[in-house]
Amino acid sequence: MDFGEKLSAARKAKGFSQEELAAKIEVSRQAISKWETNSAQPETANILKLCEVLEISPNELFGCEPVQNSSSPEDKKVVIGAKSLAVFGGIVLLILLICFGCKNAVQTEKTIPFPITSYSHSLVPEECTDELIAVEIIFTPGNHKDGYSYSLSVLGDFPEGITTKKSNAVYNQENKTCTATIFVPKTGESQVVAFVSNGRISGTNLFCWIKASGENSYKLRTLGESYE
């Protein structure tokens with residue numbers, strides 16, 4: 001199998017949709033689709049994220065099966081083409097990056113469960129601009145513990161291009177809710193992902209999608225639901 005086929009198989013083995021995997025590594029669903037059809041290749045940073053989320057080694061994701069010649073058993077040799085050699089070099093580089101640059105991330109296999117039991121949202125008119133809509137989101141994390149911090153990340157087509165913008169959420173000890181104001185572009189559909197962390201390990205929740213429906217109005221949908 002080529003890279004795209006291996007990525008697709010690994011994603012399906014974990015039970016993730018393309019949208020869910022995209023949310024976990026903070027890229028667009030279209031990017032996952034392009035990688036799986038081999039019309040584009042992920043950058044090194046995204047490859048590392050894929051390996052961590054899918055719990056697969058770079059060798060499994062990129063490795064090539066050795067090709068043996070048809071000579072006698074004692075004289076068998078592995079035939080490696082130029083392309084395979086380049087892939088092998090990339091694997092070595094990834095392994096080194098994982099061992100030294102991402103040691104903690106790779107060693108940490110457990111993630112914090114992050115259910116959201118309820119949420120509400122509303123427009124913040126005074127914060128809206130010509131290009132962005134401001135939306136306040138209040139959500140209830142289902143498993144809060146002392147030391148947890150929360151944030152919302154918006155992936156959308158911002159004026160400077162398709163990028164991700166993060167907003168910290170404030171946890172209210174009294175009513176057990178988190179509040180964050182996010183800014184959503186007035187073009188296209190934006191993906192909102194909620195994050196939780198305790199400083200060592202973290203969890204994500206593909207929260208919702210938002211798109212503008214007017215000058216300072218928007219529509220919101222969650223996984224499995226249509227727009228309101």
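1. In this predicted model, Val193 is a residue of strand 8, and it counts as buried because its relative accessibility is 5%, under the 20% limit for that class. Leaving out residues up to four places away in sequence, Val193 touches Ala23, then Ser151, Leu152 and Ser153, and also Thr204, Asn205, Leu206 and Phe207. Although Val193 and Glu26 are 167 residues apart along the chain, their C-alpha atoms are separated by 8.3 Å.

2. With a relative accessibility of 33%, Glu26 counts as partly exposed. In helix 2 itself, which covers residues 18–25, the buried residues are Gln18, Leu21, Ala22, Ala23 and Ile25.

3. Which residues line the largest cavity? Both residues of the C-alpha pair named above, Val193 and Glu26, belong to this lining, together with Ala23, Ser153, Val154, Leu155, Thr164 and Gln191. The structure holds one cavity of 30 Å³ or more, and the space in the largest cavity comes to about 40 Å³. Strand 5 and strand 8 each supply at least two residues of the lining, with strand 5 giving the most, namely three residues. By class, the lining of the largest cavity divides into four nonpolar residues, three polar ones and one charged.

4. A separate feature to inspect is the second largest pocket, whose volume is about 440 Å³. Of the 18 residues that line this pocket, those closest to its centre are Ser28, Arg29, Gln30, Leu155 and Ile162; Leu155 is also part of the lining of the largest cavity. Helix 3 (29–36), strand 5 (149–158), strand 6 (161–172) and strand 8 (189–197) each contribute at least two residues to the lining of the second largest pocket. The lining of the second largest pocket is made up of five nonpolar, eight polar and five charged residues.

5. In soluble globular proteins, nonpolar side chains tend to be buried together. The largest nonpolar core of this model has 30 residues, and the members that touch the most others are Ile137, Phe139, Tyr150, Leu152, Ile182, Val192 and Ile210. Two or more residues of this core come from each of strand 4 (132–141), strand 5, strand 6, strand 7 (177–185), strand 8, strand 9 (202–214) and strand 10 (217–222). Strand 4 provides the largest share, six residues. Another core, lying apart from this one, has 18 residues, including Leu7, Phe16, Val27 and Trp35.

6. Leu152 is in contact with Ile137 and Phe139, with Lys165, Lys166 and Ser167, with Ala180 and Ile182, with Val192, Val193 and Ala194, and with Phe207. Of these partners, Ile137, Phe139, Ile182 and Val192 are named, like Leu152, among the core members that touch the most others.

7. Thr222 is a polar residue of strand 10, and its relative accessible area of 10% explains why it is classed as buried. Its contacts, with neighbours within four places in sequence set aside, are Tyr119, Phe207, Cys208 and Trp209. Phe207 is also touched by Val193.

8. Lys176 is partly exposed, with a relative accessible area of 42%.

9. For the chain taken overall, the model has seven helices and 10 strands, and 37% of its 228 residues count as buried. Among contacts with a separation of 6 or more, 57% are accounted for by residues 24 or more positions apart. The accessible surface of the protein chain comes to about 13000 Å², and carbon and sulfur atoms make up 51% of this area.

Terms used: Residues are numbered from 1 along each chain as its sequence is written. This is a predicted model: local features need pLDDT of at least 70, side-chain atom pairs count only at pLDDT 80 or more; totals for chains, interfaces and linings use all residues. Side-chain values use heavy atoms; hydrogens and water are left out. On a 1 Å grid over the protein atoms alone, a cavity is a set of points where a 1.4 Å probe fits but cannot get out, and a pocket is an open set with protein on both sides within 12 Å along at least five of seven lines; lining residues have an atom within 4 Å of a point. Grid points are joined across faces, edges and corners, and a volume is the space filled by probe spheres set on the points. Helices (H or I, at least four residues) and strands (E, at least two) are DSSP runs, numbered from the N terminus. Buried means under 20% relative accessible area, exposed over 50%, partly exposed in between (1.4 Å probe, protein chains only). Contact means heavy atoms within 4.5 Å. Accessible areas come from the Shrake-Rupley method with a 1.4 Å probe; for residues, only the protein chains shown count as cover. A nonpolar core is a set of buried Ala, Val, Leu, Ile, Met, Phe, Trp, Tyr and Cys residues joined through side-chain atoms within 4.5 Å.
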